[in-house]
Structures are given as C-alpha cells and as structure tokens.
Amino acid sequence: PGEIFHATIREITDRVARDAIVSAERERMRQILDATADAWWDGAVGGSTRFSESAAAVLGCAPSEVPACSPAELPWIHPDDRVRVADAWRAHLEGSVGRYECTHRTVDAAGTVRWIRQRGRAVEFEAGRPTRLVGTIADVSDVVAQRDALAADESKLAIDPKAMVALEEAEASARRRLKEKPEDLPAMRDLRATLRKKAVLFERARNLKDGLPVTAEALAMAR
C-alpha cells in the first residue's frame, strides 16, 4: 500500500508539473503573438477558441461579439468561401499540409466586405492527432485591392503588335539617321529610348507569361 501511495503521489506531482509547463508554454506563445502586428487565436480542436482583443477590429465587431468557435467557423465568413476555409482547416488537421492558411472574405453586420488572412499551426498533439492550434488573423483588404489593381493594369499591358511594329520602325529610322550622320545626337537619344521601350515590352511579356509581377518601371514606360 505504501508503494502504491507513493507512486500515486509521484504521478500526481508529475502531472501537475507537466500541466504547469504546458500552461507556461501557452502563455509564452500568447505573449509572442501579442508582439506581432496581427490579431491571434488559440483554440482546442473540437473545443473553444480564445481570440485576442484586436481580433474584433479585424472582424468588424465588438469584442463581446467574437464567438469562441473555431476560426474556420466564424459566422462572418462569406458564404461562397465557407467550403474553401473548412477544407483548408481540415487539410491541416489531417496532416495534408504543414499549416492552416486561408485568405477569405467576411461580411459584417453592416454589410462591409473584408478580406481576411488566417494562418495557424497545430502545437499540441495526442496520439499523433492535433489537439490545439494557435494562429493569426489579419485584415488584408488593402493588399488584395492593390493586387487586383495591379492585375488589372497587367491585363491592359498585353503586347500590341502595332506598338511593336511602330518601335521597330522607329529603331530602323534612328539607325538610318545615325548611319548617315554618326554624330546625330537626337538620333542617338531616339535610338536609346526606342531600345529601352522594346526591352520593357519584352520584360512585360516574359513576366506575364511566367506569372511574375510587372515592375513599376515597366508600368510607367508602357503608359
């Protein structure tokens, strides 16, 4: 009996020590998240989720209105995005992806649409399955608006064959003038400007083909 008693005491002591370590680690994680610019959430799988106070501003509601549900089940998630958000959440829980990440829309009570980016990762496990996740939630509406504006600009920058023909003719004209008069400074300037515009067109075509952003210089030159 004495051995059983002491073993029980040790087990209880070990459990209390483990719980204290886990609690301290959770608090440290929250402090780290508080130091970031993004709002954060901390939740148990299948249980409640704690959101930072700043999450309310991201979601466009009062702090008291933020529910304790999973970040993937927030009531303001746009109806057209709900399945995609749920799929991203499930993929991480099942181990298909290394972290939960999804950019989606929300619609608040006033009808304001925001673009929200959620990122998170499982940090506690039991029998190999995630039991707790922590992550961030941020309003990226401005970023999405800038991306859409740039995409609209790029779509207008499809190479016009007539523009390329005009540049070819301008280059040929400048070269003829320089051949006739090598010291013709205006012809030199025209040739340099024409070659630069052609280079911008080729860069633009290559970037659009590869899905890369068009540089600010290319945008300015093409207008």
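The model is predicted, so local features need pLDDT of at least 70 and side-chain atom pairs count only at pLDDT 80 or more, while totals for chains, interfaces and linings use all residues. Residues are numbered from 1 along each chain as its sequence is written, and side-chain values use heavy atoms, with hydrogens and water left out.

**Helix H3**

- The buried residues of H3 are Val85, Ala88, Trp89, Ala91 and His92, where buried means under 20% relative accessible area, exposed over 50%, and partly exposed in between (1.4 Å probe, protein chains only).
- These residues cover an arc of only 160° around the axis, which puts them on the same side of H3; the arc is that of the directions from the helix axis to the C-beta atoms.
- What covers the buried residues of H3 includes E1, E3, E4 and E5, with contact meaning heavy atoms within 4.5 Å.
- After H3 comes Gly95, whose phi is positive, near 85°.

**Salt bridges**

- Side chains of opposite charge can pair when their charged atoms come close.
- Eleven salt bridges are found in a search of the whole structure, each being a side-chain nitrogen of Lys or Arg within 4 Å of a carboxyl oxygen of Asp or Glu.
- In one of them, Arg119 pairs with Glu101, with the closest N and O atoms 3.1 Å apart; because Arg119 lies in strand E4 and Glu101 in strand E3, the pair ties together parts that are 18 residues apart in sequence.
- Asp108 and Arg114 also meet in a salt bridge, at 2.7 Å from N to O; Asp108 counts as buried at 9% relative accessibility, and Arg114 is buried with a relative accessible area of 17%.
- Arg177 forms a salt bridge with Asp190, the closest N and O atoms being 3.0 Å apart, and this pair links distant parts of the chain, with Arg177 in helix H5 and Asp190 in helix H6 (residues 185-210), 13 residues apart.
- Salt bridges that share partners join Asp42, Glu124 and Arg132 into one network.

Methods
Helix = DSSP H or I, 4+ residues; strand = E, 2+ residues; numbered from the N terminus.
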